[in-house]
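Subject: Structure for you to look at

Hello,

Here is the structure I said I would pass on. Please open it first, then read the notes below it.

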Amino acid sequence: MGDWVPEEIDVDSFARSESGLPIQPVYDGRTLTDFNADTALGAPGQFPFTRGVYPSMYTGRPWTMRQYAGFGTAKESNERYHELVGAGTGGLSVAFDLPTQMGYDSDEPLARGEVGKVGVAIDSIQDMRTLFQGLPLDKVSTSMTINAPASTLLLLYQLVAAEQGVPGSLLTGTIQNDVLKEYIARGTYIFPPKQSLRLISDIFAYCHRELPRWNTISISGYHMAEAGATPAQEIAFTLANAKEYVRTAVAAGLDVDDFAPRLSFFFVARTTLLEEIAKFRAARRIWARVMREEFGARNPKSQMLRFHTQTAGVQLTAQQPEVNLVRVALQGLGAVLGGTQSLHTNSYDEAIALPTQKAARLALRTQQVIAHETDVTKTVDPFAGSYFMESMTDDLEAATLELIQAVEDRGGAVAAIEEGFQKSEIERSAYRIAQEIDHKERTVVGVNAHVLDEEEPYEPLRVDPQIELDQCERLAALREERDKDAVERALDALRTAARGTDNVLPPMREALRLRATVGEVSHALRDVWGVYVPHDTF
């Protein structure tokens, strides 16, 4: 931060950003005395990409408008996808239910009561066929929020696309595949970190050969932010995880410029509009320098931080849910002004239950209004050169680099995870925010200010419990109809690859083609790699 401070104002009285950085009431040229636009900004589409990863950004075409969908059965989700595509969605984002995320079939005891609840249940290639029936997989981009079993769901998608006559070379989309943040913030991990990283490097190598346009990982700060991370923590811990993935791939013999262009990131957009814009700009600049200076990446695409953004679900309220429409619009605007490549806007009723059809359509319309009825797409990085914005970007960069170094000092992301460092830092931030809301030091409209004496009635979307019974029946029929011996031989081949150094995806694909289930594939790997049991400190 610059040296200029008005004499009549005490620095301690300054407002603070979400990351705890001081915000001056007035900024001017003296704030940026050491600012060098050539080195800090560059041109749009050029190193260090502060102003955006593409020269024209939205002046050529808007970001990809994604809507996160998937609930209940594959058939119901398919119907929702057709509605979204018909409404103008250019990219689909798939939500999977908890058993699928954890690598369990719908008929396993641990899945009971959770089938189809927070996303769609996918147990086999038959479910995946139903999920994408009639959708042009060579024209839509599909993002799948799946981590520990990401390889399994990706291969099912590839198999279904091949059945439709679409080769892997034409498939575009993203698998989240970011298991390190699961140990930090979400908990849907399966295998120990070392084996999880091996699986991720196998995915990188496989996609380089088979699915060259696919984004092999979406390294996510979103879930850490939802758990309470500040903007600085969000990008610091995300980029620290990214460095671990790059190191793992390089150690496995991959050339950095062979896989780095397909890395992508996933961040949150909060209602604190200005800091969020600065956050995205700082993250791009840090990553460009890390890739060029630490990993020797020569391809400019390897240095680009391309990212998807989702508006902040944690900031939506069950009280006066229509107010969430305003919050989402502001959050989406911040993501666009920050230069996102794709955007999902949450539905206003997501704090209550799965979004209704009307709410999902309104969320998409919010993006379309930003894209077509405002002037924010007419110029690249409109905040460039702003005294405040450049100062905040510099401040966030410094705070982020300090946190990344704290992770490195502990031996890198995995060692820091096992120590519980990132998790404890995020928990402290979450506790601080909760205290500020409780003590009314932080205003949340409808919660601790401007409340209603009586809330209006709202009828949420509910998942029919019959879905679980039907899914179990389909699984039983599948196991009776398939070639059991062929499936078992294929699973044995997968176990053999897992014990050695061969890429596990080719034998996994064969097992799935023969109608092995998601749970069976995950259990085959559990047999060899075991499962992760967190330390007491984690």
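Helix H13 (residues 324-337) supplies the largest share of the nonpolar patch, namely three residues. Helices here are DSSP runs of H or I with at least four residues, strands are DSSP runs of E with at least two, and both are numbered from the N terminus.

Before going on, note that this is a predicted model, in which local features need pLDDT of at least 70 and side-chain atom pairs count only at pLDDT 80 or more, while totals for chains, interfaces and linings use all residues. Residues are numbered from 1 along each chain as its sequence is written, and side-chain values use heavy atoms, with hydrogens and water left out.

Surface patches

The nonpolar patch covers about 290 Å² and consists of Leu325, Val326, Leu330 and Leu362. A patch takes residues with over 30% relative accessible area and no salt bridge; like charges are joined within 9 Å, and nonpolar side chains (Val, Leu, Ile, Met, Phe, Trp, Tyr) within 5 Å. A salt bridge is a side-chain nitrogen of Lys or Arg within 4 Å of a carboxyl oxygen of Asp or Glu. Accessible areas come from the Shrake-Rupley method with a 1.4 Å probe, and for residues only the protein chains shown count as cover. Leu325 belongs to H13 and is partly exposed, with a relative accessible area of 30%. On this scale, buried means under 20% relative accessible area, exposed means over 50%, and partly exposed lies in between (1.4 Å probe, protein chains only).

A patch of negative charge is formed on the surface by Glu322, Asp453, Glu454, Glu455 and Glu456. Asp and Glu count as negative and Lys and Arg as positive, with His and the chain ends not counted; a charge is placed at NZ of Lys, CZ of Arg, CG of Asp or CD of Glu. Glu456 sits in the loop between helix H17 (421-438) and helix H18 (466-481), and it counts as exposed because its relative accessibility is 59%.

Parallel strands

How many residues of strand S4 (residues 91-95) are buried? Five of the five are, so S4 is largely enclosed by the rest of the structure. Gly91, Ser93 and Ala95 are on one side of S4, with Leu92 and Val94 on the other. S4 runs parallel to strand S5 (residues 141-145), joined by five bridges; two strands pair if DSSP finds at least two bridges between them. In this pairing Ser93 is opposite Ser143.

S5 is mostly covered too, with five of its five residues buried. Ser141, Ser143 and Thr145 are on one side, and Thr142 and Met144 on the other. Three bridges link S5 to strand S6 (residues 173-175), again in parallel, and here Ser143 is opposite Thr174.

Backbone points

Phe47 and Pro48 are joined by a cis peptide bond, with omega about 5°. Pro48 is in the loop between helix H1 (37-40) and strand S3 (64-69).

Gln320 is not a glycine, but its phi is positive, near 45°. Gln320 lies in the loop between strand S10 (307-311) and H13 and is buried, at 12% relative accessibility. Asp381 also has a positive phi, of about 45°, without being a glycine. Asp381 is in the loop between helix H14 (357-373) and helix H15 (387-409) and is buried, with a relative accessible area of 7%.

Regards
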